[in-house]
Structure formats: structure tokens, C-alpha cells
Amino acid sequence: MKKYILMISAICVICGFTACSDFLDQESDQVIYADKSHLDNATDTLWSVAGILNKMQVIADRTILLGEMRGDLVDINSNTSSDLRDVALFNIGDDNMYNSPRDYYAIINNCNYFIAKADTALRNNRNEYIFMKEYAAVKAFRAWTYLQLALNYGQVPLVTDPILSKAESEMDYPKYGIAEICDYFIDDIAPYADVETPGYGTIRNTDSKLFYFPIYVLLGDLNLWAGHYKEAALNYYKYLSTHNGTNTASPISTGSVRFMDGTHWQDVRDGWSMSSFIGENHLTYPELITMIPGDSIPSEGNYSELRNLFNAYESNEYKASIVPSQRIIELSSAQKYCHVTASGEVTYAPEGLDEYRSGDLRFQSIYKVNENRMVGTHRVTEIGITKYSTRNVHVYRLAMVYLRMAEALNRAGYPRFAFQILKTGVNNEVIENDVIPYYRNDSTWIRQFDFPNTLYILETTANSNNENTIGIHSRGSGYSSFNDYYVMPEDTLITDSLQQIAYQIEQVEDLIVNEEALEFAFEGQRFYDLMRVALRRNDPSFLANRIYARRGGENDATMHSLIQVDLNDTRSWYLNWQDKIGLGY
């Protein structure tokens, strides 16, 4: 079995299939192993999964680019290709290379075939199901792919059986929106949430467990988009409390970017970027949860171009195509950095530091500029974004689980619980002292979130070696638990407790959205994060105003003129393909 898996990284599996005539290729009449009635041995099953992974590679770059280029944290320049420029300016036509629904349905059709044909009843001599791990993994692939398809196109045909004939390709399939897609696949994958993901050891120095989507995380996302906030929060918590086995912990760690002292505000130590984005070993670098593996050689066909788009190195003649926006610089600078000495003295970084050292330090940690690189007799500007240092495309990581759990808890009616995830981190002591007193009627439900004090140890000024939990905001803005400027929002003019909670929910949600920008900039999450909150609030301007401010608030008129569609019309948020898929114009 291991022999076949090792081939995944070396051989490109070409999966032919008959497809829906409107949105799938028709170059072949076969899906993987379509001539067999069952996938009932290791060769068939593992090569089928390998083929699905190969199809996932096709949409890997697009997953990042569609989510980031349409947000407010990056901008285009003279090096940006016309297709990518059109994505950033919401002018995506049928011929744009990033507008190809057939690539998503290629994955879906092969997943459908596997799900229909895999013999999940087979057991080994220990009475264990042989292929259940792969079956659950493929169910998760299909659910995740449908979520991406719905987020980008708004309304999509739902096809759950393999299409193997021309007649099947010409059938009418129901179109579902985002909420319907989410509800369908919540029911579809929930029974497999506790099934372990496949694991075939290390492949090219990469833990193969990282190729798969943990179902609890995926359930959290589906429930979050569907508006089932309590369910989403519990799903994210279930991942944190079970993915390393029962009674284990998933602390956020104390990895952060901080000034060495609170006097000169110059020297910085970085314990965040290297551990979060460079390492791809699940045990050594537990921040990374899921990635799509990429080819190592450009000529192999599914080589990720993200490094060449975000970075400026010799390989692309020192020409980056995607640059940080003014908005991410301003947002980083707007944070109040808090320093605490070993003796407990609190100081704050002064205003007026250069743009890469003001406020939150995560931006300067991952965006490296060398303007004096000598290449022969010429000086060039070298740019490196740490988040794009490997050939693989990272999709899920631990901070996403924590911040989305905070988003779900906040909307479930517990803004103080959500805020503690940002400010201090959580353990049972925090929950008992800083959360439950405000929601005593819901104490039984809240106590389902069990973060043992012995396993989740909060950071103190003592810097003890066993500390492993900080507030997410402390990853870049210093010691947030001591920061008197970073406090729970409260309107003293509001006397009604329910109105106060409603006020806090919206204010804490704004803090979460800002935190998602600071933590996930350039990772392909931004547009979807803004979309989710705007839809939730029924306020398109929440998304539109931020994107129009991409080059700074004083230049929003420029962005209005460049973006020809009205972003206050939600139809403009979605791609359209030949007027057959999507809600676009």
C-alpha cells in the first residue's frame, strides 16, 4: 500500500470522464476505473484518491487568488497579468483563466464515482473497515469543493452521482445556493466526523496527513456559512479537542512577533512566521492543518505559481505581480502595541514608527523587502512573502480554527467568550471567571468547551517554558492581556442587557474581522471573510467600503473608477459562466 502512495508525489494521474455538457470537458468517456463495478483493492482505491488529489492541484492557486485578489489587503501593479487584474477589478469574463467551473466539477465527478463504487463493507482480519478512511476523506474533498464552488458562483448545480454517459451529462440538475449547499453537505459528512484521516507517512519531507480536510473543521465552516453558530462553534472545538486523540490539547502556542524591549522599538524576535508557514510536518509544526500538495517542477503541469506572483526573486526577474495594499499597512499601523517587562511594567509603542514597525508586527514579519540586492552590476529590489515559501498551497491552519470558533461563539450570543480568544486565550479558568458570570443561564452549554488549565497554560510576564496559550491578537500586537487599549466593547449608555449583548456582538465581530486580516493577510481568506459578515448583517456596504478603501480611504474614488461594477449589489460578488452557472451580471 505504501508503494502506491509514494507514487502520488511522482506521477501525474490523468483522470478522464464524461461530464455535464455545460460545464465539464467531454474529451473522454471514462472516470477513474469506470470499467469496474467496485473499487475493492488497494491499487484501485489509492490510485483513485491520488487522481482526486491531482485534480485538486488544478484549483489550488485559484483558491488563494479568488479569495485574496478581490479583497482589500492586496493590490495590482504593472506586472499583474490581465486575467489576474480582471479578478482584482471584478471584471471576470468567460475566457478568464480563473473562471472555469469545469475544474471543480472534475473533482466532484471523480469523488462521486469513488463514493458510488468504493467497497466500504470490506473488513480485514481484525474486523476493521479497510477503506473507510479514504471514503470519509473523499466525502470531505467533495464537500469542500462544493463550498468553494458555491462561494465563488453563488448558485451551482448539485450533482452527487457520477456522470458516465452523454445522456447523464444532459440532464437538468437542481441549482443550490450557499446555504443549501452547506446544509446538504453538513448532513452528508457529519456521520464520518470521527473517522481518522488517511496517513501514509512522509512524502517528500511532508506529512501526508496534511493532504486531507478534517471533517470537524469542514463542518465548522459549513455551519458558520449556514448560520448555525452554536453547531459551528462546537465543531471547531471538537477538532481542537480530538484531532490528536482523546484528552489531548491543541493550544495556539505562544508564537508571536515582538519587540525585544520597550525602549528602542527596533530589534524584533519572530517566533510566529517560521513556525506557521515554513514547516510542513504535522508534529513539528502543528499550526498547519491542510494543504494541497504542488508539483516541484514547473513543467509538470500543476506547479503552483503563487511564489512567483507574491515574491520578487531571480526566478521572476524580481517582478512581483501582487503587492500589499495600503489598507493592510494602515490596519497594521492602527493597532496599539503593548510591551510588558519581566517585572510587569507596561509600555506602549509610540506612534510615528516606520510603516513596517508601527502597531501590529505580523505584516513586517512576513513581508521582507531588500532594496539593495546586487545582481551583477545592477541593484534590484528583492521581495519575499514568508507565507509563500514552499511549493504547496496551505488551506487550513490552527489560528483559523480559533478565530472562526470565536466568530461562531460571538454570533451564538457569547461575545465575551469570543473576545477572550482574541485578548488572553482561553482555558477553564478564563471561562469560569470571565465568561460564565455573564451568561449564567447558558453555563451548561458553555462548559462543553473544556480547556483544562493544566493543558492550556496562559502566558504571564514570567515567560515560563510551559506556557502555550495567548490571545490571537498577541501574535503581533504585544501582550494583549495587559493592553488597556484592547478591551471588551461596552456602551455605558445602554442599560438593557440584551441590547448590550447585541451591541457587543457587532463590535466584537469588527475586532474579529480586523484580526482575520492581520493574521491571514495574503492567504486567500479575506474576500470570503468580508462576504460572510456582510451577508450575515444584510449590509453589502460592509464589504464594498473596505474594498473601495484598498488604496487608503482618501483614494476610494480611484477604486470606484477602476472597479466598474457596484459592489453594493451582491450579484457583483459572484462569478458567472456562460449565464449557466453563477449569480453574476
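# Reading cavities, pockets and cores

Q: Which helices and strands each supply at least two residues of the lining of the largest cavity?

A: The elements α2, α5, α8, β14 and α19 (526-537) each contribute at least two residues to the lining of the largest cavity. Helices (H or I, at least four residues) and strands (E, at least two) are DSSP runs numbered from the N terminus. This is a predicted model, in which local features need pLDDT of at least 70 and side-chain atom pairs count only at pLDDT 80 or more, while totals for chains, interfaces and linings use all residues. Residues are numbered from 1 along each chain as its sequence is written, and side-chain values use heavy atoms, with hydrogens and water left out.

Q: How many cavities of 30 Å³ or more does a search of the whole structure find?

A: On a 1 Å grid over the protein atoms alone, a cavity is a set of points where a 1.4 Å probe fits but cannot get out, a pocket is an open set with protein on both sides within 12 Å along at least five of seven lines, and lining residues have an atom within 4 Å of a point. Grid points are joined across faces, edges and corners, and a volume is the space filled by probe spheres set on the points. Here the search finds four cavities of 30 Å³ or more. The largest has a volume of about 210 Å³. Its lining has 19 residues, and the closest to its centre are Gln148, Asp221, Arg404, Gln525 and Tyr528. Helix α5 provides the largest share of this lining, four residues.

Q: Which classes of residue make up the lining of the largest cavity?

A: Ala, Val, Leu, Ile, Met, Phe, Trp, Tyr, Cys and Pro count as nonpolar, Asp, Glu, Lys and Arg as charged, and the others, Gly among them, as polar. The lining of the largest cavity has nine nonpolar, five polar and five charged residues.

Q: What lines the second largest cavity?

A: This cavity holds about 90 Å³ of space. Its lining residues include Ile64, Phe277, Leu288, His394, Arg397 and Glu523. Two or more of the lining residues come from each of α10 (273-278) and β14.

Q: Why is strand β14 described as largely enclosed?

A: A residue is buried under 20% relative accessible area, exposed over 50% and partly exposed in between (1.4 Å probe, protein chains only). In β14 (residues 393-397), five of the five residues are buried, so the strand is largely enclosed by the rest of the structure. Two strands pair if DSSP finds at least two bridges between them. Strand β8 (residues 288-292) runs antiparallel to β14, and four bridges join them. Thr290 stands opposite Tyr396 in β14.

Q: How much space lies in the largest pocket?

A: The largest pocket holds about 520 Å³ of space. It is lined by 23 residues, of which Val195, Glu196, Thr197, Thr242 and His243 are the closest to its centre. Helix α5 gives the most to this lining, with four residues.

Q: Which helix gives the most to the lining of the second largest pocket?

A: The second largest pocket has about 370 Å³ of space. Val58, Asp61, Met97, Tyr303 and Glu305 are the closest to its centre among its 20 lining residues. Helix α2 (residues 42-68) gives the most, with six residues.

Q: Which residues have the most contacts inside the largest nonpolar core?

A: A nonpolar core is a set of buried Ala, Val, Leu, Ile, Met, Phe, Trp, Tyr and Cys residues joined through side-chain atoms within 4.5 Å. The largest one has 168 residues, and Tyr146, Tyr402, Met405, Phe449 and Phe451 have the most contacts inside it. Helix α5 gives the most to this core, with 15 residues. Contact means heavy atoms within 4.5 Å. Leaving aside neighbours within four places in sequence, the contacts of Tyr402 include Leu240, Pro251, Phe451 and Ile472.
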